[in-house]
Amino acid sequence: METNTVRREYHAGNSAGLPPVESLRKFPPEFTHALRSALSQTLDETDFDFLGPKTRGKVRDIYARGDQLVLITTDRLSAFDRILGQVPYKGQVLNQLAAFWFEQTADIVANHLLAVPDPNVTVARRCRPLPVEVVVRGYISGVTKTALWYRYSRGERTIYGMDFPDGLEKNDPLPQPVITPTTKGGPDGHDERITGADVVSRGLIPSERWDEVQDVALSVFARGQEIARRAGLILVDTKYEFGIDDQEQLVLIDEVHTPDSSRFWIADSYVERKAAGREPENFDKEFVRLYYAAQGYRGDSEPFPLPDDLAVQAAQRYIRTYELLTGRVFEPGALPASPRIEHNLRAWLAANG
Ligand SMILES: Nc1ncnc2c1ncn2[C@@H]1O[C@H](COP(=O)(O)OP(=O)(O)O)[C@@H](O)[C@H]1O
Ligand SMILES: [Mg+2]
């Protein structure tokens, strides 16, 4: 099996061991070869002077055009607040998956999506972003010192201003999903975790609006869990961003339920693994973080470049996640992406600009 070959290659150079991909669909060898040859054609950055002023996010290039934003999702993979490298088709997967979720949640909340003129591009309504990232967690997990599990396991029962019952085990579902907001860090500032009460008392979001945000976030999360469950995945936690439009309406912006903004576990293996005291199988980019951590990387220095095999495996996971969640077969866009995007955008602008 091609995927096994890839896995073995990595184990050869990595005695720390990589989490095995037990439930990964066996992609046909041709497809894995295609991913491998796409490594040299990933989309690192765009520079379209016909589009207006550009800002560079960690993953997306954002062009401002009056009351619209052209969001081009690149193949950059970020972790530890750094760019580790590029993953073939990651930009396309993220962009198309977010578009899928906007469609699937449009009955719950308005969203920013206006058009998808290219597999990597979303034209969005530009909104005033709320200064808080809305993290929703359905499970008690995590290893870092700010994770719910770390604090719970040390005996805390009031965490981020919320009470938790006794008797929870690591990776258990919470009695109900909880919201743990963070402030939006600046370009190089890190996010700060705050309580819901802080959001209002610090004047970040007015009380009524914050109530609305929480209601909407929990409803969108419930929809996400339902659709993920049908796909054989567990939506563990996620992060939403909201904006306000010129009608003062709440709008879901940015990206929704992508493997960059969310954690997914494989539902099938979750129960037996938990019973055996094992960690769930991750189906998001967590395995890249684990690989870097296993190599001793702590996020405090220049990261080593993303190894090719890891990039191919990441691509397989991103693509598989897209296919499971949407029920659609992933159709890789033509490469190289940059001239294709330019062509599609110019055509779209001629018709709609
Ligand atoms: N509709 C929108 N209106 C205004 N800002 C938006 C909208 N959608 C997304 N954004 C912002 O665009 C950026 C997307 O690029 P990204 O690479 O995710 O950046 P970041 O490094 O800040 O996460 C984010 O800063 C996000 O807040
Ligand atoms: Mg982002």
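Author: The shell around ligand 1 takes at least three residues from each of domain 1 (2-127 + 307-352) and domain 2 (129-272), the domain bounds coming from an automatic or database assignment. This is a predicted model, in which local features need pLDDT of at least 70 and side-chain atom pairs count only at pLDDT 80 or more, while totals for chains, interfaces and linings use all residues. Residues are numbered from 1 along each chain as its sequence is written, and chains are lettered from A and ligands numbered from 1 in the order in which they are written.

Reader: What makes a residue part of the surroundings of ligand 1, and which are the closest?

Author: A residue counts as near if its C-beta atom, placed from the backbone, lies within 6 Å of the molecule; 16 residues surround ligand 1, with G57, K58, R60, H112 and I253 the closest. Strand 2 (60-65), strand 8 (121-125) and strand 14 (233-244) each supply at least two residues of this shell, where a strand is a DSSP run of E over at least two residues and a helix a run of H or I over at least four, both numbered from the N terminus.

Reader: How many residues of the shell around ligand 1 are called nonpolar, polar or charged?

Author: Seven are nonpolar, three polar and six charged, given that Ala, Val, Leu, Ile, Met, Phe, Trp, Tyr, Cys and Pro count as nonpolar, Asp, Glu, Lys and Arg as charged, and the others, Gly among them, as polar.

Reader: Which residues make up the contact between domain 1 and domain 2, and where do they come from?

Author: The C-alpha centres of domain 1 and domain 2 lie 23 Å apart, and the contact takes 24 residues from domain 1 and 29 residues from domain 2, two residues being in contact if their C-beta atoms, placed from the backbone, lie within 7 Å. On the side of domain 1 that touches domain 2, helix 3 (90-104) gives the largest share, six residues, and by class that side has 14 nonpolar, six polar and four charged residues.

Reader: Why are strand 1 (54-56) and strand 7 (113-118) called edge strands?

Author: Five strands form an open antiparallel sheet in the order 1-2-3-8-7, and strand 1 and strand 7 are its edges because each pairs on one side only. Pairing requires at least two DSSP bridges; strand 2 and strand 3 (residues 68-73), which run antiparallel, are joined by six bridges, so they count as paired. One of the residues involved is Y63, whose bridge partner in strand 3 is V70.
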